[in-house]
Amino acid sequence: MLDTTWFPVLLSLRVASLATLGALAVGVPLAAVLARRRGWGADLLSATVTLPLVLPPTVLGYYLLVVIGRRSVVGAFLEERFGVVLVFTWQAAVLAAMVVALPLVVRSALAAFESIDPRLEAAARTLGRSELAIFFTVSLPLAWRGLVAGTVLAFARAMGEFGATLMVAGNIPGKTQTLSIAIYDAVQAGRADLANSLVVLISLVTIGALVLLARVARLTRW
Amino acid sequence: MLRCDISKQLPGFRLEVRLEAGRGVQALFGPSGSGKSLTLQCLAGLVRPDTGLIEVGGRPVFAADRGVDLPPQRRQVGYVFQNYALFPHLTVKENVAYGLHRLPRPQREARVAEALAAMRLAGLQNRRPAELSGGQQQRVALARALVTRPKLLLLDEPFAALDSIIRGRLHRELLELLDEAPVTTLLVTHSLDEAYALSREIAVFEAGRVLQHGPRDEVFYHPSCKSVARFMGMKNFIPGLVAAVTEQYTRVDGPGFTLWGPPAACRPGQAVECCIRPEHVLLVRKDRAGEGPGPLEARLDGVIVQEVTYGGYVQLLWRAAGPAHPDMPDLHVTLPTHVYRRLGVAGQARWSVALKADFIHLLPAEPDRTEWTRAGAD
C-alpha cells in the first residue's frame with residue numbers, strides 16, 4: 001500500500017521537476033532568440049513550439065512515438081548506438097512532460113523578454129558588454145518574474161500530464177506509472193480509497209510547489 | 001573628434017547626414033522625426049547606415065566601402081538615452097561600474113568612486129534608479145557613460161524627462177559637468193533654448209538632412225535658409241528686391257516701402273527676404289513719433305490686430321495700415337510685459353513700427369517649396 005501510494009507521487013515529482021528543468025533549458029534561450037528576431041522563420045518556430053498547447057495530448061504522444069519509437073530513425077539510432085530504448089521508460093515520461101510544458105515556458109519567457117526596454121540592452125552594448133554577458137546581467141534578471149511564472153505553469157502542467165505520457169511511457173506500476181495515471185488506474189480498478197489519497201496528495205503537493213514559487217518570485221522586487 | 005558622412009533609407013524617410021565635430025558640445029537641433037536620434041544610433045552602432053563613413057577619434061568605426069562596421073561594444077561611444085535607460089535592478093554603483101568589467105576590482109572601484117564624486121552622487125551609491133530624482137538619474141546615466149572614457153558622448157534629449165522647473169538648474173549643472181570631461185559631445189534636442197544655452201555649435205536638422213552646421217551665433221543670427229531662420233525663431237519674412245548694396249547697408253525695395261538691411265552678398269535686382277525676429281520689431285514711442293525715422297530705419301504705420309500675453313512677455317500681431325501692399329505680411333512683435341505696460345499698448349490699436357538694418361537678416365528668396373515644411377507652424 002505504501003509503495004503503490006508513494007511511488008507514483010515520487011515519480012511524478014521527479015518527472016515534473018526534470019521536465020520543467022528541461023523545458024527551461026530549451027525554452028528560455030529559445031525565447032531570448034525569438035524576442036530579437038522578426039520574420040517568417042521566427043514565426044514558424046514560435047508556432048511549432050506552441051503546438052503542444054493546442055494539440056490533443058494523444059496526438060502529441062503519437063508524434064513522440066513516431067520520433068523515439070524503436071522503429072523510428074531516432075529510436076533506432078539510439079538503440080543501435082547507445083543501447084538506449086526510450087519508449088516505456090520513465091525518461092520517456094520526462095520527455096513527454098517536457099514537450100507539453102515547453103510552450104508555457106516559451107510563451108511566458110517571450111513575453112517577459114519582449115517587455116524589457118530595448119534601450120537597456122542597447123545601453124549595455126555601448127558600454128562594451130558581450131551579448132552573452134548582457135543576457136545574463138540584464139535580460140535574465142529583468143525577465144525573472146516572467147520566467148518564474150512560466151516555471152510555475154510548466155511544473156503544474158508537467159505534474160498533471162496524462163495523455164502523451166500514457167502513450168510513450170505506458171502504465172507500468174512501479175516503473176512508469178505517474179500520479180495522474182495511477183489515479184486513473186485506481187478509479188478503473190474501483191479502489192476509491194487509493195484514488196482519494198492520491199488526489200489529495202497531488203493537490204497538496206502542487207499547491208505547495210506553486211505557493212513556494214510565488215514566494216520566491218516576490219523576493220525580487222525593485 | 002568625429003567625422004560622419006552617412007546615408008540610410010527607411011520606408012518614407014531618408015537620412016543623409018554630414019557632420020564634423022571637434023571638442024565641446026554640438027547641438028543636433030530640429031523637430032521630432034528629423035533624424036537626430038537616428039543619427040546618434042548610427043554613430044553608436046545600434047543602427048547600420050546603408051553607406052558612408054564614421055570616424056570617432058580618428059579611427060574608422062564604420063566604412064561601407066571597406067566593410068568596416070564595428071559593433072557598439074567596440075566603438076568607444078558613450079550614450080545617454082532619453083529617459084536614461086538605467087538598469088533598474090542594479091544600484092547606482094553597479095550601474096556606473098557596468099562598463100568597467102574588464103578592469104580588475106580595485107581599479108574598477110577607484111574609477112567608480114571617482115565618477116560618483118565627480119557627478120556628486122557619492123551618498124547615493126546603494127540606491128536603485130527608481131529611488132532617485134530625475135536629475136540624479138541623469139547624472140548616473142552621465143557617470144555610467146563617461147566612466148568608460150568614451151571618445152564621443154551622445155546625449156539624446158537628456159532633459160525631456162524632467163520638469164521645466166528644474167531644467168534650468170540642470171542645464172547649468174550639465175554645462176559644469178561636461179566642462180570637466182572635455183569629450184566631443186553631441187546633444188540632441190528640439191528646444192532652441194537648450195541648443196543655444198548648452199552648445200558651442202548647432203547643427204540644424206530637417207527631414208533627415210543637416211540644413212546648417214556652425215557656431216551657435218552664426219546659425220542663430222545668420223541662418224542659411226528660411227527653414228533654419230524659422231527654427232531660430234525668426235517669424236517675419238518681408239519679400240523685396242535689392243536696390244543697392246554698399247559697404248554700410250543693403251537697400252531693399254519692400255512691398256510698398258524701402259527698408260535697409262546690413263551689407264550682404266547680393267546683387268541689385270535680386271529677390272530677397274528680410275528676416276526679422278519678433279523681438280526686433282520695435283514699436284515707436286508716441287512721444288518720439290514726430291521725430292521721423294533714424295538712419296537705415298524704415299517706419300510703417302499700422303494697427304495691432306491680435307495679442308496674446310504669456311506672463312513675462314506679450315506677442316502682438318501688427319498689420320500695415322490702409323490699403324496695404326498685397327505682399328506685405330502681418331508682423332509678429334514680441335514685447336516684454338513691462339515694456340508693453342510702460343508704452344500703454346493696451347490702450348491704443350494704432351502703432352508705428354521701426355525696422356532697423358542691424359536687426360534684419362537678408363536671405364535670397366527661395367521658391368515656394370519650403371512652405372510645406374512644418375517648420376513655420378507656430
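Tutor: A salt bridge is a side-chain nitrogen of Lys or Arg within 4 Å of a carboxyl oxygen of Asp or Glu. Between chain B and chain A the count of such pairs is 0. The model is predicted, so local features need pLDDT of at least 70 and side-chain atom pairs pLDDT 80 or more, while totals for chains, interfaces and linings use all residues. Side-chain values use heavy atoms, without hydrogens and water, residues are numbered from 1 along each chain as its sequence is written, and chains are lettered from A and ligands numbered from 1 in the order in which they are written.

Student: What makes chain B and chain A count as being in contact?
Tutor: Contact means heavy atoms within 4.5 Å. The contact takes 22 residues from chain B and 19 residues from chain A. Buried area is the accessible area (1.4 Å probe) that two parts lose on being put together, summed over both. For these two chains that is about 1800 Å², with 66% of it on carbon and sulfur atoms. On the chain B side, B:Gln73, B:His89 and B:Tyr98 lose the most area to chain A, together 36% of what that side buries.

Student: How many residue pairs are in polar contact across the interface of chain B and chain A?
Tutor: The rule asks for a pair of N or O atoms within 3.5 Å; within protein, one must be able to donate a hydrogen and the other to accept it, and residues adjacent in sequence count only if both atoms are side-chain atoms. It finds 7 residue pairs across the interface, both residues at pLDDT 80 or more. The residues of chain B that touch chain A divide into 12 nonpolar, 7 polar and 3 charged. Here Ala, Val, Leu, Ile, Met, Phe, Trp, Tyr, Cys and Pro count as nonpolar, Asp, Glu, Lys and Arg as charged, and the others, Gly among them, as polar.

Student: Why is the pair B:Glu20 and B:Arg3 called a salt bridge?
Tutor: The closest N and O atoms of B:Glu20 and B:Arg3 are 3.8 Å apart, and the limit is 4 Å, so the pair qualifies. B:Glu20 is in strand E2 of chain B and B:Arg3 in strand E1 of chain B, 17 residues apart. Strands (E, at least two residues) and helices (H or I, at least four) are DSSP runs, numbered from the N terminus.

Student: What makes E1(B) and E2(B) a pair?
Tutor: Two strands pair if DSSP finds at least two bridges between them. E1 (residues 2-10) and E2 (residues 13-21) of chain B have 9 bridges in the antiparallel sense. B:Gln9 stands opposite B:Arg14 in E2(B). The two strands form a hairpin with 2 residues between them, and B:Gly12 in the turn has a positive phi of about 75°.

Student: Which residues are on the covered face of E2(B), and which on the uncovered one?
Tutor: In a regular strand the side chains alternate between the two faces of the sheet. B:Phe13, B:Leu15, B:Val17, B:Leu19 and B:Ala21 are on the covered face, and B:Arg14, B:Glu16, B:Arg18 and B:Glu20 on the uncovered one.

Student: How do you know whether B:Arg277 is buried or exposed?
Tutor: Buried means under 20% relative accessible area, exposed over 50%, and partly exposed in between (1.4 Å probe, protein chains only). B:Arg277 has 6%, so it is buried. Its salt-bridge partner is B:Glu279, at 2.9 Å from N to O. B:Glu279 has 38% relative accessibility and therefore counts as partly exposed.

Student: Where is B:Glu157, and why is it called buried?
Tutor: B:Glu157 is in the loop between strand E8 (152-156) and helix H5 (164-180) of chain B. At 9% relative accessibility it counts as buried, because the limit is 20%. B:Glu157 has a positive phi of about 45° although it is not a glycine.

Student: What makes A:Thr89 buried?
Tutor: Its relative accessibility is 15%, so it falls under the limit of 20%. A:Thr89 lies in the loop between helix H4 (73-82) and helix H5 (90-114) of chain A. Its side chain reaches the backbone oxygen of A:Leu86 at 2.5 Å. Leaving aside neighbours within four places in sequence, A:Thr89 is in contact with A:Ala169 and A:Thr176.
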